[in-house]
2 protein chains.
Amino acid sequence: MASPIRYELLKTCSHTGARRGRVYTPHAVIETPVFMPVGTQATVKTLSPEELMDIGAQIVLSNTYHLHLRPGEDIVKGAGGLHRFMNWSRGILTDSGGFQVFSLSSMRKISEEGVEFRSHISGEKKFLSPEGSVGVQNALGADIIMAFDECPPYPAERQYVLDSLERTTRWARRSKAAHARPDDQGLFGIVQGGMEPDLRRRAAEELVELDFPGYAVGGLSVGEPKPLMYDILAYTTPFLPRDKPRYLMGVGAPDDLFEGVIRGVDMFDCVLPTRIARNGTVFTSKGKLVVRNAQYARDYRPLDESCDCYTCRNYSRAYIRHLLKAEETFGIRLTSYHNVAFLVRLMGRIREAIEKDSLLSFKADFYREFGYLD
Amino acid sequence: MASPIRYELLKTCSHTGARRGRVYTPHAVIETPVFMPVGTQATVKTLSPEELMDIGAQIVLSNTYHLHLRPGEDIVKGAGGLHRFMNWSRGILTDSGGFQVFSLSSMRKISEEGVEFRSHISGEKKFLSPEGSVGVQNALGADIIMAFDECPPYPAERQYVLDSLERTTRWARRSKAAHARPDDQGLFGIVQGGMEPDLRRRAAEELVELDFPGYAVGGLSVGEPKPLMYDILAYTTPFLPRDKPRYLMGVGAPDDLFEGVIRGVDMFDCVLPTRIARNGTVFTSKGKLVVRNAQYARDYRPLDESCDCYTCRNYSRAYIRHLLKAEETFGIRLTSYHNVAFLVRLMGRIREAIEKDSLLSFKADFYREFGYLD
């Protein structure tokens, strides 16, 4: 069976590991590197599908754990799948639920078979296995689905990471065997291995042997220092095939996008833009800005003076601050729109820079203005 | 000085008091009768100005009391006025704040000068007078502004209503005298008088003598039975000039729109569509529907099968119920959109029916389907 996912490498950067490519999926041809906004519960918080298209989002991520618990995959399947349920015609990726079981559930018991946990909504006992996770994802119908994995905490004992990695490989094999829609959905493997370079290599090699149409790097951005994350990433990606897409899970701050791309990553997702938007924090070309702050009460400039997104074209900091203080959800919608647009457009400029072989100078310019690493 | 507000009477209904007309304002020519969505805090909850335009909203109401307390009229004025602050290019009407002082503030002391009250936000002591209210409204810059009035509670002693009415007339005179932008903004008088027909008549006659460019009927829908409201309204409107618009304040349930129009009302506003939307209740052509209810979990039909609004074209009851249960604000946005569209479009059909002289049969058809008065 041919995988419905194909990667085309268009250009490699002369000075870094950055790749300009294309991921072909059933619903979308995705220009990479790409930032994927997160729609945990079948909606990117506060935004409509039309707004996401206007922003230029090519693919969104949705969470298997959340949708399994509510509304349940049967209801989504009954609607004709997740695309129709949420009225999104472009790409969708669902994660495996593994990470959420570990980060959200109050109680969990890992066995070879899978993970027993309590629903963070109802408190009910639940069980998720590789077969279960893939079954849920087959019902949801995303373009790209993920093998069920265990994400070890940071820090973790080497022995724990090793045992977990071996189990994750066995689970990857079971995930592949259970995949009932290989013509419609591409199943990616997830490289774990904690902060141990040799275990990362081993994980990558074992997964590559299983021949997935794409590979994710999981278990990073879990509390470790950023330089360590970048080192582990740089060490890991060379063990992944050049002709398959590489996805760095749960990572998406502006600096992480640059550093990930430079280390050969093609796909990113992160809740950061919508999460900080809800607290009234926005990205600007000159760094983060907390628009809730009193200093913006009479500031009639747009959030970012060099941005031409819907929010920045039409609304002032003073208005947005007023909406946030007054607890009007339209304010969060405006900050969310801007933040998601900021990252999606930043990635568009990163793609252009790779094409022009000017990624490092673009990065230097961006950092100088944005103020990171100062 | 010529008022910037002009009313054109296009047609009167042969069988009722209904009027088909046009209200000319600085920012919009408004086809009447009209339903005005409420944007209390300079935003119609959850909706963008573009969505309101798509819905066909011609004019929105914003609340002087709320904007005075937060962000303060100076900040709005600094933005270039309320239209620019909230990015709304069509009509805006601001109320006087009188009603909110009585309904929201924890403490109030009425004197001839005005009303002392405590801010429901900060607890601070505040004072609002006719001059103060009109001053705030001049700073906000709406197309139509309202004289400062007192809205007596229901039930109320006749003597209280009489004293209040006399004060409201004196306040209307002071409001008019204080109006600093009579070329840019039209100031409407508000007819009070409780449930006492002769006091309603007296209030109307006294205000008409002051020659406002439009008249509101206030103090209805404050707890009295609907038949009483309709009777008082029917008694009152004949004392208002035919060549001026008539506005029934705070009223806008579907049946109230019919009954108000039939009694000669041209303008309506109500928080009902957005308020019930937040609780997961929507209007449909077959009556209200509580889409939060479990029975809609697998219902893939649109909210209203005979509606072609954005929400109904693209989303199912099952999806919207999921969003509401998951506390995703996009769900409230979808129900709010539909409910506001429902009332705006209903009013459009009422205008058409007046034009075709078929209002009563349209009303009978609507009630039969909607289930009101069954």
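A word on conventions. This is a predicted model, in which local features need pLDDT of at least 70 and side-chain atom pairs count only at pLDDT 80 or more, while totals for chains, interfaces and linings use all residues. Residues are numbered from 1 along each chain as its sequence is written, chains are lettered from A and ligands numbered from 1 in the order in which they are written, and side-chain values use heavy atoms, with hydrogens and water left out.

Now the interface. Chain B gives 36 residues to the contact and chain A gives 36 residues, where contact means heavy atoms within 4.5 Å. Of the interface residues of chain B, 100% are also interface residues in chain A, so the copies meet through the same surface. Between them the two chains bury about 3,100 Å², 51% of it on carbon and sulfur atoms. Buried area here is the accessible area (1.4 Å probe) that two parts lose on being put together, summed over both.

There are four salt bridges across the interface, counting a side-chain nitrogen of Lys or Arg within 4 Å of a carboxyl oxygen of Asp or Glu. E328(B) and K45(A) form a salt bridge through their side chains, at 2.6 Å from N to O.

Next, the pockets. A pocket is an open set of points on a 1 Å grid over the protein atoms alone, where a 1.4 Å probe fits, with protein on both sides within 12 Å along at least five of seven lines; lining residues have an atom within 4 Å of a point.

The largest pocket holds about 980 Å³ of space. Its lining has 45 residues, and nearest the centre are F99(A), Q100(A), G250(A), V271(A) and R275(A). By class, the lining has 17 nonpolar, 19 polar and nine charged residues.

The second largest pocket holds about 850 Å³. It is lined by 39 residues, with F99(B), Q100(B), G250(B), V271(B) and R275(B) closest to its centre. This lining divides into 15 nonpolar, 16 polar and eight charged residues. In both counts, Asp, Glu, Lys and Arg are charged, Ala, Val, Leu, Ile, Met, Phe, Trp, Tyr, Cys and Pro are nonpolar, and the others, Gly among them, are polar.

Note on methods: Points joined across faces, edges and corners; volume = space filled by probe spheres on them.
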